[in-house]
Amino acid sequence: MSTAVLPTTLVKSFECQQGAVRAVRFNVDGKYCLSCGSDKSVKLWNPYRGTLLKTYTGAGSDVLDAHSSPDNSAIVSGGYDCVLTLHEVESGKITRRIRGHGAPINAVMFNEEGIAVMSASNDGTVRIYDVRQRSMEPVQILDEATDGVLCLDISDHEIATGSADGSVRVYDLRAGRIFIDYMGDSVTSVKLTNDRQCVVTSTMGGHIRMMEKINGKLLTEYTGHQHKEYKLDCAILSSDCEIVSGSEDGLIYIYDVVEANVLCRLGEDLKPRPRHVATLCTHPSRPCIVGATQSKMFVWGSTPSDDL
């Protein structure tokens, strides 16, 4: 059973002022976070103080996801305009715009070395680009999905994807193998555990599952949150002992990894309660969660002064 300190204190809440917030993402060390808006912008924040540091523009439509490079010098984003956009963090200048996908981009990530970016799209592909080259052609296309790829996660040599066709694929680039499992419902979030032995998936219908990567064995299933209409994020707290999920009842659920019971529900005392929490992200090393609903961001920590 989990004995870790949980992020049950609301540290900060503030309006992002960029329309509906589509995604929130911590940077690599958790000092800052990004928010993606329906107003075509990406914003860089100190979330613990609610301080806006920079706004990045240039997208042609809603931005659905963004990710910081490991050295915090660049941001990659994608969304409804089907274009992968790279910004220089300090100047805000657009350094590259890559048109390759034939449908909206749902998820983007840098690899751990920061030399490649990956984009997952409704066109059923994940495209990998070498950002050191000026070529607009991807170095690799993963096109095994039969419907839109909604989410992805990476490790040093693996790419995990979840698709609207109900499939989860883990590509082992080092060994040249693919592990495939079918969840039965659209997979809206996928995470590799820190030990890289398991995959955590969130699916429509309100099921989060932890499976052994190598054989697809179901280890634990987590239910209680509501997940019927929206693409919801799930995540793993830095302790590796708790799984976090957004929910369509306006709460954030924290589950015990082993016991699978609900440890707490964040947001029950908020007035008015958010209609739903679709996007969230966990701090890489502290018990802290950022989540967003509509135009507002919430920061949950273990103490009221959880200012990193």
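**Ground rules.** I number residues from 1 along each chain as its sequence is written, and side-chain values use heavy atoms, without hydrogens and water. Because the model is predicted, local features need pLDDT of at least 70 and side-chain atom pairs pLDDT 80 or more, while totals for chains, interfaces and linings use all residues.

**Sheet.** I looked up an open sheet of 4 strands and found the order β6-β7-β8-β9, with antiparallel pairing. Strands are DSSP runs of E, at least two residues, numbered from the N terminus; two of them pair if DSSP finds at least two bridges between them. β6 (63-68) and β9 (94-99) are the edges: each has a single partner strand, so one side of each lacks a neighbour in the sheet. From one strand to the next the twist averages 20 degrees. I then checked β8 (residues 83-88), which pairs with β9 in the antiparallel sense over 5 bridges. T85 has R97 in β9 as its bridge partner.

**Patch.** I178, I180 and Y182 make a nonpolar surface patch of about 300 Å². I178 lies in strand β17 (residues 177-182). I noted that I178 is partly exposed, at a relative accessible area of 37% (partly exposed falls between buried, under 20%, and exposed, over 50%, with a 1.4 Å probe and protein chains only).

I found residues 14-55 to be 0% helix and 55% strand, with end C-alpha atoms 16 Å apart. Residues 98-139 are 0% helix and 45% strand, with end C-alpha atoms 13 Å apart.

Notes. Patches are made of residues with over 30% relative accessible area and no salt bridge: like charges are joined within 9 Å, nonpolar side chains (Val, Leu, Ile, Met, Phe, Trp, Tyr) within 5 Å. Accessible areas come from the Shrake-Rupley method with a 1.4 Å probe; for residues, only the protein chains shown count as cover. A salt bridge is a side-chain nitrogen of Lys or Arg within 4 Å of a carboxyl oxygen of Asp or Glu. Axes are lines fitted to C-alpha atoms, for helices over the stretch in contact, and angles run from 0 to 180 degrees between N-to-C directions.
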